[in-house]
Amino acid sequence: VFTETDPSWNAASNAMQAQIDGKVSKTGDTMTGTLKINSGAAQTLKIVNDGNEVVIGKSATATNDGTAVGVSATASDAGAALGNSANARLDGSAVGFNANAALSGAAVGHGSRGDNSGAAVGFNANGNQSGAAVGYAAKGDNDGAAVGNNANGEFSGAAVGESANGSDFGA
């Protein structure tokens, strides 16, 4: 058994071992401090894996090419959900707390709904069923259009302005 007695060699060896020990190298390892990942000359963040889903957040789930980011965010079938409890499926895009989008719909805002090719932007805006809604609690669902706080243009109607009502084929 050989024991190294040179103090400078021991110091260098101990320093190298400390660098190796400080690396995250296997599943279950933990890390503290800033994670810095740079790829290529442009310093681009690049994360590649063998899967097709992206999940970031406690209790977040994604299936079939979905992307879910946020606590309890859910995405499936190429949907993209960003925000706590956001839900996106079937090519839908949902951004915001409890936003919901499906079937190529888009929803941006707390509680907004953009199902079935609908679009909604605003707190609790509803553009379901090929509708469009922009504004706080605007309702443009079922082929309607609404722009403004509490505007209601649902069921093929159109409404522009605060609390305007053009529902049921009205304007």
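# Contacts, sheet and pocket in a predicted model

One aromatic pair is counted in this predicted model, where rings of Phe, Tyr and Trp (its six-membered ring) pair if their centres lie within 6.5 Å, and planes under 30 degrees apart count as stacked, over 60 as edge-to-face and the rest as tilted. The ring centres of F123 and Y136 are 5.2 Å apart and their planes stand at 5°, so the pair is stacked. It links distant parts of the chain, 13 residues apart: F123 belongs to the loop between β11 (119-121) and β12 (132-134), and Y136 to the loop between β12 and β13 (145-147). Helices (H or I, at least four residues) and strands (E, at least two) are DSSP runs, numbered from the N terminus.

Residues are numbered from 1 along each chain as its sequence is written. Because the model is predicted, local features need pLDDT of at least 70 and side-chain atom pairs count only at pLDDT 80 or more, while totals for chains, interfaces and linings use all residues; side-chain values use heavy atoms, with hydrogens and water left out.

## Salt bridges

Two salt bridges are counted, each being a side-chain nitrogen of Lys or Arg within 4 Å of a carboxyl oxygen of Asp or Glu. In one of them, the side chains of R89 and D115 meet at 3.9 Å, N to O. R89 is part of strand β6 and D115 of the loop between β10 and β11, so this pair ties together parts that are 26 residues apart in sequence. A salt bridge also joins the side chains of E154 and K139, at 3.4 Å, N to O. E154 sits in the loop between β13 and β14 (158-160) and K139 in the loop between β12 and β13, so parts that are 15 residues apart in sequence are tied together by this pair.

D115 also has a spatial relation to N128. The C-alpha atoms of N128 and D115 are separated by 4.6 Å, although the residues are 13 apart along the chain. N128 is placed in the loop between β11 and β12, and it counts as buried at 6% relative accessibility.

Buried means under 20% relative accessible area, exposed over 50%, and partly exposed in between (1.4 Å probe, protein chains only).

| Residue | Relative accessible area | Class |
|---|---|---|
| F123 | 33% | partly exposed |
| Y136 | 42% | partly exposed |
| R89 | 27% | partly exposed |
| D115 | 10% | buried |
| E154 | 11% | buried |
| K139 | 33% | partly exposed |

Strand β6, which carries R89, belongs to an open sheet of five strands in the order β2-β4-β6-β8-β10, with parallel pairing. Strands β2 (61-63) and β10 (113-114) stand at the edges with a single partner strand each, so one side of each is left without a neighbour in the sheet. Two strands pair if DSSP finds at least two bridges between them. Strand β6 (residues 87-89) and strand β8 (residues 100-102) pair in the parallel sense over three bridges. Opposite A101 in β8 stands A88.

Two residues in loops have a positive phi without being glycine. For L90 the angle is about 50°; this residue lies in the loop between β6 and β7 (93-95) and is partly exposed at 36% relative accessibility. For N98 phi is about 60°. N98 is located in the loop between β7 and β8 and, with a relative accessible area of 42%, is partly exposed.

## The largest pocket

Rolling a probe the size of a water molecule over the atoms shows where empty space is left. On a 1 Å grid over the protein atoms alone, a pocket is an open set of points with protein on both sides within 12 Å along at least five of seven lines, whereas a cavity is a set of points where a 1.4 Å probe fits but cannot get out; lining residues have an atom within 4 Å of a point. Grid points are joined across faces, edges and corners, and a volume is the space filled by probe spheres set on the points.

The largest pocket has a volume of about 160 Å³. Its lining consists of I47, N49, G51, N52, E53, V54, V55 and I56. These lining residues divide into four nonpolar, three polar and one charged; Ala, Val, Leu, Ile, Met, Phe, Trp, Tyr, Cys and Pro count as nonpolar, Asp, Glu, Lys and Arg as charged, and the others, Gly among them, as polar.

## Separation along the chain

N14 is found in helix α1 (residues 7-21) and is exposed, with a relative accessible area of 53%. Between N14 and N165 there are 151 residues of sequence separation and 76 Å in space, C-alpha to C-alpha.
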